[in-house]
Amino acid sequence: MYINKVISYMNAWEEISQKSNNELFEIIEAINGISYEKMFQIEEEMRTTKGIVVNILGKCLNKSLDEMGWKQTRTKRRMVNLGYFKNNITVDSMLSRHSFDSWLIQRVPLGIKAEICKIPVTIFLTKENNNEYFKRSPLDNFENIEQKLNLIAPLSINYPFLVFGISEKESIFELYNIPSIMEGYNENVVVNRSIEFPPEYYQAGLGILSYFNNILKEKYPDTPANVKIIQEDLVVRMIIESENGNKEVIEKALEEYEQIINGKIKPEEYLTSAAKVLELKSELRIAQVRLENQIDIINFQRTEIQVLKEIISKGLATTAQIVHSKKRLPF
């Protein structure tokens with residue numbers, strides 16, 4: 001088997017490559033040692049094929065790690081289930097999607113707390129493994145895990161981790177970096193705003209935040225930036241990435257937009273294009289109509305529009321930094 005794909009969080013791949021190269025080499029060697037012949041042999045030793053494909057793949061990997069001096073994380077004295085470990089690197093294999101959640105949120109923090117883990121590694125088959133032997137397996141695949149992480153990214157997890165995707169055939173190596181909201185982690189993201197709206201304000205607030213990208217392009221066309229609006233239930237996150245843009249200009253634009261929302265600056269005083277002035281006024285009117293309609297539904301008063309403005313102003317006044325990148329690298 002070969003490592004063809006890797007998910008890296010908080011520079012875990014760079015960290016293990018530079019500071020734990022021997023351990024990485026042994027993991028690669030153990031994965032390369034997984035073969036049908038060895039799996040069939042283990043299967044024969046276990047004398048049954050019912051529901052044990054996961055165990056066979058894991059046992060094949062663990063046998064090689066054991067021979068290289070890796071130790072089991074779980075003992076009678078230490079209830080940490082992260083597979084095998086060596087020099088603060090842990091390796092666990094072939095997890096279902098449900099087990100991955102448990103691994104990432106519960107088991108890894110226990111390993112870190114027990115000081116046996118700094119960089120946890122888990123392993124999944126990639127979806128191109130079509131052998132009948134693997135079709136008996138209830139395993140999730142690497143691509144599903146990568147998609148799931150990107151759907152909830154950027155993550156607020158404060159420790160690095162790695163997910164290896166292994167295949168029967170060697171191919172071009174792909175590295176996927178999962179973004180983090182940890183402060184200072186992304187030099188390209190200059191603004192991160194997260195606002196939780198009450199249900200009655202959600203649609204109106206979402207529309208107003210989404211329109212900021214138009215303001216930035218119209219008012220500051222020489223400041224390259226990528227504005228993303230991420231919806232998570234009633235939480236709306238605005239992420240502004242800019243590799244070469246001026247952070248001060250983007251922050252200034254946000255402050256000005258906040259003043260427009262609060263009525264301290266009139267659209268015609270801010271924008272020179274008559275068409276854009278009308279467009280902005282229209283967007284603000286649409287937001288108010290959306291809010292008033294929602295308020296009518298739940299029997300609120302029209303004056304609640306001021307609460308919406310205060311929520312947006314407060315959210316836009318809070319700053320954090322994150323990273324988002326995806327690479328394809330030759331192995």
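The structure holds 8 aromatic pairs, a pair being two rings of Phe, Tyr or Trp (its six-membered ring) with centres within 6.5 Å. It is a predicted model, in which local features need pLDDT of at least 70 and side-chain atom pairs count only at pLDDT 80 or more, whereas totals for chains, interfaces and linings use all residues. Residues are numbered from 1 along each chain as its sequence is written, and side-chain values use heavy atoms, with hydrogens and water left out. The structure also holds 7 salt bridges. Its largest nonpolar core has 35 residues.

Helices (H or I, at least four residues) and strands (E, at least two) are DSSP runs, numbered from the N terminus. Burial refers to relative accessible area: buried is under 20%, exposed is over 50% and partly exposed lies in between (1.4 Å probe, protein chains only).

**Aromatic contacts**

- A pair of aromatic rings is described by the distance of the centres and the angle of the planes.
- Planes under 30 degrees apart count as stacked, over 60 as edge-to-face and the rest as tilted.
- The rings of tryptophan 103 and phenylalanine 161 are edge-to-face, because their planes stand at 90 degrees, with the centres 6.3 Å apart.
- Tryptophan 103 belongs to helix α5 and phenylalanine 161 to strand β6 (residues 161-167), so this pair ties together parts that are 58 residues apart in sequence.
- Tryptophan 103 is buried at 0% relative accessibility, and phenylalanine 161 is buried with a relative accessible area of 0%.
- One aromatic cluster is formed by Tyr9, Phe100, Trp103, Phe124 and Phe161.
- Lysine 219 lies over the face of tyrosine 270, at 4.5 Å from the ring centre; a charge sits over a ring if NZ of Lys or CZ of Arg is within 6 Å of the ring centre and within 35 degrees of the ring normal.

**Salt bridges**

- A salt bridge is a side-chain nitrogen of Lys or Arg within 4 Å of a carboxyl oxygen of Asp or Glu.
- Aspartate 92 forms such a bridge with arginine 107, and the closest N and O atoms are 2.4 Å apart.
- This pair links distant parts of the chain, with aspartate 92 in strand β4 (residues 89-93) and arginine 107 in helix α5 (residues 97-113), 15 residues apart.
- Aspartate 92 and arginine 107 are both buried.
- Lysine 19 and glutamate 15 meet through their side chains in a salt bridge with an N to O distance of 3.3 Å.
- Both lysine 19 and glutamate 15 are in helix α1 (residues 12-19), 4 residues apart, which is about one turn of the helix.
- Lysine 19 is exposed at 61% relative accessibility, while glutamate 15 is partly exposed at 34%.
- A further salt bridge joins the side chains of glutamate 279 and lysine 276 (3.5 Å, N to O).
- Glutamate 279 and lysine 276 lie 3 residues apart in helix α12 (residues 274-297), about one turn of the helix.
- Glutamate 279 is partly exposed, with a relative accessible area of 34%, and lysine 276 is partly exposed at 25% relative accessibility.

**Nonpolar cores**

- A nonpolar core is a set of buried Ala, Val, Leu, Ile, Met, Phe, Trp, Tyr and Cys residues joined through side-chain atoms within 4.5 Å.
- Phe197 and Phe212 have the most contacts inside the largest core.
- At least two residues of this core come from each of β8 (189-196), α8, α9 (212-219), β10 (235-241), α10 (247-261), α12 and α13 (305-316).
- The most is given by α10, with 6 residues.
- Another core, of 31 residues, lies apart from it and has Val6, Leu61, Phe173 and Leu175 among its members.
- Helix α8 (residues 202-210) is mostly covered, with 7 of its 9 residues buried; these are Tyr202, Ala204, Gly205, Leu206, Gly207, Ile208 and Leu209.
- Valine 235 lies in strand β10 and is buried at 19% relative accessibility.
- The C-alpha atoms of valine 235 and tyrosine 202 are separated by 8.5 Å, although the two residues are 33 residues apart along the chain.

- Strand β1 (residues 2-9) is largely enclosed by the rest of the structure, because 7 of its 8 residues are buried.
- Two strands pair if DSSP finds at least two bridges between them.
- β1 pairs with β6 in the antiparallel sense over 7 bridges, and the bridge partner of serine 8 in β6 is leucine 162.
- β1 and strand β7 (residues 174-178) run parallel and are joined by 5 bridges, with tyrosine 9 opposite isoleucine 178 in β7.
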